[in-house]
Amino acid sequence: MVNTLPENHVLLSQIAGMFSTVGMCEQAVTAFTKTGKVKEAIDCCVHLNQWDQAIELAKQHNVKEIDTLLAKYASYLLEKNKTLDAIELYRKANHFIDAAKLLFKVAGEMADAKTNPLRAKKMYVLAALLVENYHEHMKMTKMKTASGKDKKSTREASSALAGLLEEDAIATDESKIIDNAWRGAEAYHFFLLAQRQMYEGAIDAAMKTALRLCDYEDVLDPVCIHSLLALVSCANRAFGTCSRAFIKLESVESLSQEQKNAYEELALEIFTKYVTDILPKILAGNKAECTSCETMIPDWSQVCPNCDTKFPTCIVTGRPLMDYQFWMCGTCKHRAYEQEINALNHCPLCHAPI
């Protein structure tokens, strides 16, 4: 009957109300939209928990309240413990930061569980990629706005710049997510890399990668970081580094006194056994030239002590990047030694094809 009645017929609203009352959402929406009552159709979908259809209707008819509708639907999904569905909802709607927030939360929960660091890394990578999508979306939106036929290229550039400035303004409120999007992924990447290097027998490389982890105590458990560092530095006979790792472990507030005593006893046992090896290994070490001031510094140093130049870290080896030429990933913008990346087909951090 709905299909036979003309548009805006007086009976359509009554029929739509009847359909809504008995839970026939699709038929009610058809009747409401045929009378031009899009808002009533959306309200019907919301009332009957047909959120997908409500969002689709809002998009089709350019309803201004779509953001509010998205937020309500996302809240509904979260109440049902459907976090991944809420993330996908935000992603499809180009609300990348909202999706990233939820995904960072999921990644944090996986990290706290300490059961699968590889999966935690993947979650952090996906969240960071959503932030990259946000950056790209902001740029493209502003470029499209300025792409009219009668507008000159200079105006397009100005509009793109305005988009970047607007993005910076938004980033002030979301600085923790936007400015540090890759931090969680980096932490777990180097954590896994150090362990892989250790099991492969590259002990010196594992120690240098583990040293990098000291910058990520806000992401990784300090006990995990310094336990790994103590292990690989001891195996590498770098007892100065090993000693500092044990000192850190003994000062971790979350550990019980019994655990701290156990670390103290283990450290004493190690340093008593290898006392004759300690001094030579402390004095030894490879040197590299700072790319800015040409000072010779330890090859594991992340910052030049002479000029304060900070070196990026090679995502393949975990070593500080002290070459003038390097490879950079087009997706995550992380770097690697050219000779190291040549043997790979994908970025080791974000897994984008090379």
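**Exercise 1.** Work out how helix α12 passes helix α13, and how the two are oriented.

*Solution.* Start with the handedness: α12 passes α13 in a left-handed crossing, a term for a near helix turned anticlockwise from the far one by less than a right angle. Next, find the residues: α12 spans 203–212 and α13 spans 222–235. Helices here are DSSP runs (H or I, at least four residues), numbered from the N terminus. Their axes lie 9 Å apart, at an angle of about 150°. Axes are lines fitted to C-alpha atoms over the stretch in contact, with angles from 0 to 180 degrees between N-to-C directions. The pair is therefore roughly antiparallel (over 145 degrees).

A word on the model: it is predicted, with local features needing pLDDT of at least 70 and side-chain atom pairs pLDDT 80 or more, while totals for chains, interfaces and linings use all residues. Residues are numbered from 1 along each chain as its sequence is written, and side-chain values use heavy atoms, leaving out hydrogens and water.

**Exercise 2.** Describe how helix α11 meets α13.

*Solution.* First, locate α11 at residues 183–199; its axis and that of α13 come within 11 Å and cross at roughly 25°. So α11 is roughly parallel to α13 (under 35 degrees). Then list the contact (heavy atoms within 4.5 Å): α11 brings Phe191, Ala194, Gln195 and Met198, and α13 brings Cys224, Leu228, Leu231 and Val232. Finally, sort these residues: seven are nonpolar, one is polar and none is charged. Here Ala, Val, Leu, Ile, Met, Phe, Trp, Tyr, Cys and Pro count as nonpolar, Asp, Glu, Lys and Arg as charged, and the others, Gly among them, as polar.

Note on methods. Angles under 35 degrees count as roughly parallel, over 145 as roughly antiparallel, 65 to 115 as roughly perpendicular and the rest as oblique.
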